[in-house]
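Here is a structure to read feature by feature.

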Amino acid sequence: MVHKLPNGLNKFDSNDYVRREHFNEQWETIDSAIGTLRAVNNDIRKEVMDVIRPELEETPVIAIELKEKLQKVSVPRDTPFNVKAINGRTLINLLGFDGEGICTNRWTGNGLTTDGESISSVIPQGATVTDAFHRVPYDPTRNYIVIAEVKSTSTARIRLIEENGNEVFTSVVSSTFKPHVIMVDKGKLSGANPVHFSVVVQGKSGDEVFIKKARVYAVADNTYTAFRSLALEEIEERFPFVNGMTNINNPYAKITGSNLVPAFTQWFLDPITILHDSYVIQATTKAEWSRVGYYTFPVLANQTYTYSCTVGGYISASVTPYMTLEFLDHSGTSLGFNDVKPSGNGVIRSSVKAPVGAVRASFILAAGGIGTYSYSNPMLAVDAETNSFTPHGQSLWAAECELAAHPIDGSNADKLFISDDGTPKLLEKWEKVTLDGSEPWQFSSFAAGVKQVRIKNYVPIHSSTESIYHMFGVKHDGSQLKPDGHVITPDTFIFQPETGHLYVGISNVNSGWGESYTPSVDEVKAYFMGWRMTTQESWNSTLEPFNGEGTKGWSAIYCGKGTPFMYANGTVVSGSGVGTLPTSINPYNYRGYKLQYLKLVPTIEAVKNYEIGATLFKGANMVEAGSGIVLSERVYSVLTTDTAAAIGDINSPLKQDIKKALYISVNGKQDLNWYTSAINPAGQEKFRTLIQGYNPKKTYWATYVSLTPSVSPIIETALSSSLRGTVSNLVQQTGDMERRLTVIENYSSVTDTPQWVKPTLLNGWTAFEHLPVGYRKIHDVVKLKGRLASGSVGLNIPAFVLPEGYRPKTSTYLTVNDFTVSSRYICVHPDGTVIIEMGPSNSICLDGITFDIS
C-alpha cells in the first residue's frame with residue numbers, strides 16, 4: 001500500500017509492486033524541490049551580498065566641517081573620529097579689552113558706570129540724549145565689521161562715527177542684551193578725522209543704555225564680500241568677542257552619543273537622594289513636591305529628543321515619581337517643562353522637540369507626594385525613539401596649541417594636521433611671543449613722551465619677514481601696537497630682521513617714567529611684569545610719573561581683576577602700591593604684551609599635550625567643537641566643607657576661570673565622583689563632589705574649557721562610510737599607538753626629567769648668551785645652572801628670586817669656586833631670594849649648585 005509523505009513523496013510497503021515509472025515520478029518531485037531551494041538560496045545570497053558588498057568596498061571618506069556650535073553627526077556604526085586639519089585664524093579687536101565692559105577708563109560719555117559685565121550711560125537731568133563712545137584706529141582702505149551686545153530703555157543707535165559727523169549705524173530697541181552687526185564698507189568714512197565706536201540714545205532724562213562684548217574688526221575685501229551674503233547671526237558667530245589679539249587656542253571636539261546623559265554619579269543629586277549604583281538611585285520625600293536630581297546638557301533648537309527612565313514607588317497619579325525635560329535659553333531663562341508621569345511602575349518614555357531659542361536643557365527627576373521612589377537607567381537619545389537602555393557614550397579630541405593667520409586677510413594660516421605616526425603636528429608660520437620681565441631688557445633711547453627699550457638678539461637673524469604688514473602686536477590692555485621702523489612714538493615696535501633685535505616704544509604715561517627719567521634695567525622689567533611706576537606720595541591720588549623727585553613706588557596695572565583706580569591715561573589696581581621694586585608678575589590677571597610675526601621659513605612643531613582616539617558612536621551624536629580647552633591641569637587647591645568639595649571656584653581656583661567643566665582625573669583615569677556645578681562666582685562652572693568622594697591623599701587633574709575668549713576653529717574631519725574603511729582606520733590607529741608607545745618607552749627617562757626654568761634677573765645681573773641661568777627641581781632637590789655677570793654684589797641685593805616650591809626652609813649658604821681665582825659666596829633664603837654676598841661680579845658660574853627643600 002502506498003503512503004503519501006508530508007512533502008509529496010510516496011512511501012511503499014515491502015510487498016508493494018513498484019514499476020520504474022513510479023521511481024521516475026519520485027525523482028521528478030525531488031528535482032523540482034532542489035530547484036526551488038536553489039532559487040531561494042540564490043535570492044538570499046543576492047540579498048546578503050547587496051548588504052555586505054558596499055561594506056567591503058573601498059569607498060570615499062565623508063568630509064565634515066565642524067564649527068563652534070553644537071552639531072548632529074550620524075554614523076551607521078561606531079567610527080573613529082579622524083581630524084584632517086585645522087587652519088589658524090587671528091582676530092584683533094580694535095577696542096582692545098575695553099569692549100568687554102569691565103572698565104570705563106578710555107570711554108567717554110554721560111554718567112558712565114560698569115557693573116563688571118557691561119558699561120552703561122544715562123541721559124542726564126534736563127537732557128534728551130546720551131552717548132558712550134570709544135576711539136578706534138581707522139584706515140579708509142579697509143572694510144570693518146562692528147558688533148556689540150546692547151540693551152536700552154529707548155531707541156539706541158550703534159555706529160562708527162567720524163568727528164566730522166559722517167557715520168554708519170543701525171538702530172535697535174531691545175530690553176535684553178542682543179548682538180547687533182554693522183558692515184562698514186571701505187571708504188565710507190574719510191579717515192581725515194578721528195573715528196569712534198559709539199552707542200547713542202535719544203529719549204528722556206534717566207533713560208539708559210548698556211553695552212558689552214563690543215568689537216571692531218578690520219576685514220580684507222575677499223573675506224568681507226563673502227560675509228556680506230551671510231545672515232547677521234552667522235556673521236556674529238564667525239566674529240566672536242575677543243580681547244585684543246587672539247588666535248585659535250587649544251581646539252577640541254567633545255562627542256556625546258548613544259545615551260546623552262551620564263551615570264547618576266555625574267548628576268546633581270539632592271540631599272534626599274541615595275545612590276545605590278551608577279544608574280540606580282532612591283529618594284524618600286517628605287513634601288508634596290520634591291526634586292530628586294538633574295543633569296544639564298547643551299541642545300539644538302528644533303531637534304527632537306527622546307527621554308526615558310525606569311521608575312518605582314508609584315501609588316497614584318498624585319503620589320508618583322516622574323521626569324521632565326526643561327529647556328533654557330542663552331540667559332538661563334526657562335522655556336518650559338515637559339513632564340512625563342507614569343500610570344504604574346516601569347519604564348516611562350516621551351519625545352519632544354527643543355523650542356526656538358533653546359541652547360541647554362535639564363533632565364530632571366522628581367516626585368509628587370510623600371513616599372519612597374526609585375529611578376534607574378535614565379536615557380536620552382536624539383531623534384528616533386529607542387526601546388533599550390544604553391550606557392552613556394562620550395569621547396574627546398583635543399590638542400593644546402596656538403594657530404594664527406594674518407588677522408585681516410587670513411593668509412599664511414598655521415595648520416594643525418595628523419602626521420604619519422598618528423600624532424598631531426603644527427605647521428607653524430607665525431612666531432608668537434608674550435613679553436615679560438624675564439627677558440634681558442635694555443634701555444635704548446628716548447623721545448618726547450616715549451622711552452625706547454630693546455632686547456638684543458631676541459630672534460634669529462633673518463628669521464622674520466621684513467614687511468611690517470606681517471607684524472602684529474597688542475599691549476597688556478589689548479590695544480594695538482603699530483609696527484614702525486623708528487620706534488620713536490608710543491605703542492610702536494619692530495623686529496629687526498638683520499640683527500634679530502626687538503624694539504618697543506613705551507608711553508611715559510603708561511609706564512610712569514617721567515619725561516627726563518631714565519629707567520634702570522630692572523625698572524623696565526617691572527613694567528613688563530605689569531607694574532606702573534609712580535611716587536608713593538601720589539599713588540592713592542594723582543599717580544604722578546616718577547621724575548627723580550619723591551619716593552619711588554609701583555602700582556599694579558589694572559587688567560580686569562581687583563578694584564580699578566583710574567587716572568588720565570590708564571588704570572591701576574586700587575591699593576596695590578608697593579614701595580620696593582617688584583620682581584614678580586602683577587597678580588591681578590596681568591596679560592602682558594603679545595606679538596607675532598610671519599616667519600621667513602615655516603617650521604613643523606610637535607604638539608606636546610593632546611588627547612586623540614575619539615569615537616563617533618552608532619546612531620546620532622552631538623558634537624561640540626570649540627577652543628580654549630585645558631588638558632589635565634594639576635589641582636593644587638580644593639575647597640572643602642562638611643558635606644562637599646569643589647575645584648575651580650573663587651576659593652579653589654585653577655589657572656584660568658572655567659567656562660565648561662569637563663572632568664577630573666586621577667592616575668590617568670576619569671574620577672566619576674566629580675560632577676559639574678553651574679554655581680561659581682569665578683566662572684560659569686566648577687567641579688563638585690560630595691565630601692565622601694574626595695580623598696585629600698590623591699592628586700587630582702582637571703580638564704576644562706577656559707573662560708578666556710578664543711577664536712572659533714573649523715575642524716575638518718573625515719569619516720569612513722563603509723565597514724572596510726572603519727576597520728582600516730582602526731588598524732592604522734593601532735599601529736600608530738604601538739609606534740607611540742615604543743617612543744614613550746625609549747624616551748621616558750628624558751621626558752620625566754623636569755625642564756629648566758629661566759628666572760628674571762635683577763639688579764643689573766645678566767646671563768651669558770650661551771650659558772643661560774636656570775633652575776629645576778628633581779624630587780626635593782633644587783639645581784641651578786648657568787653663568788651670571790655684571791650685577792650688584794652685597795647683602796640683601798638679589799640676583800633673582802625663586803618661586804614657591806623651590807625655596808629652602810632655612811637660609812642656605814654656598815661657596816662657588818669659579819675658573820677665576822676668587823670664591824663667591826651665595827645665599828638662598830626662604831623667601832626665594834638668591835644673593836651673591838661676596839666676590840667679584842665679572843663671571844659667576846652656578847653649575848653644580850644644589851640644595852634641599854624638604
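Q: Which residues of helix 5 are buried?
A: In this predicted model, D522, E523, V524, K525, A526, Y527 and F528 are buried in helix 5. Buried means under 20% relative accessible area, exposed over 50%, and partly exposed in between, with a 1.4 Å probe and protein chains only. Helices (H or I, at least four residues) and strands (E, at least two) are DSSP runs, numbered from the N terminus.

Q: Why is helix 5 called largely enclosed by the rest of the structure?
A: An α-helix has 3.6 residues a turn, so residues three or four places apart point the same way. Here, 7 of the 8 residues of helix 5 (residues 521-528) are buried, so the helix is largely enclosed by the rest of the structure. Just after helix 5, G530 takes a positive phi of about 100°.

Q: How should I read the numbering and the cut-offs of the model?
A: Residues are numbered from 1 along each chain as its sequence is written. The model is predicted, so local features need pLDDT of at least 70 and side-chain atom pairs count only at pLDDT 80 or more, while totals for chains, interfaces and linings use all residues; side-chain values use heavy atoms, with hydrogens and water left out.

Q: What does V453 touch?
A: Contact means heavy atoms within 4.5 Å. V453 is found in strand 35 (residues 450-455). V453 is buried, with a relative accessible area of 0%. Not counting residues up to four places away in sequence, V453 touches W441, Q442, F443, S444, L502, Y503, V504, I506, V524 and F528. Two of these, V524 and F528, are buried residues of helix 5. V453 and F443 are 10 residues apart in sequence, yet 4.5 Å apart in space, C-alpha to C-alpha.

Q: Which side chains make polar contacts with the side chain of N247?
A: A polar contact is a pair of N or O atoms within 3.5 Å; within protein, one must be able to donate a hydrogen and the other to accept it, and residues adjacent in sequence count only if both atoms are side-chain atoms. N247 lies in strand 18 (residues 245-249). It is buried, with a relative accessible area of 0%. Its side chain joins that of T90 at 2.5 Å, and that of Q596 at 3.0 Å.

Q: How do the strands around strand 13 pair?
A: Two strands pair if DSSP finds at least two bridges between them. Strand 13 pairs with strand 14 (residues 167-172) in the antiparallel sense over 6 bridges. I158 has T170 of strand 14 as its bridge partner. The two strands form a hairpin with 4 residues between them, and G165 in the turn has a positive phi of about 105°. Strand 16 (residues 195-202) also runs antiparallel to strand 13, joined by 7 bridges. There, I161 has H196 as its bridge partner.

Q: Is strand 13 largely enclosed or open?
A: Strand 13 (residues 156-162) has 6 of its 7 residues buried, so it is largely enclosed by the rest of the structure.

Q: What is the strand order of the open sheet of 5 strands?
A: The order is 4-47-19-30-45, with antiparallel pairing. Strand 4 (70-75) and strand 45 (610-611) are the edge strands, each pairing on one side only. Strand 19 (residues 252-258) and strand 47 (residues 619-626) pair over 6 bridges.
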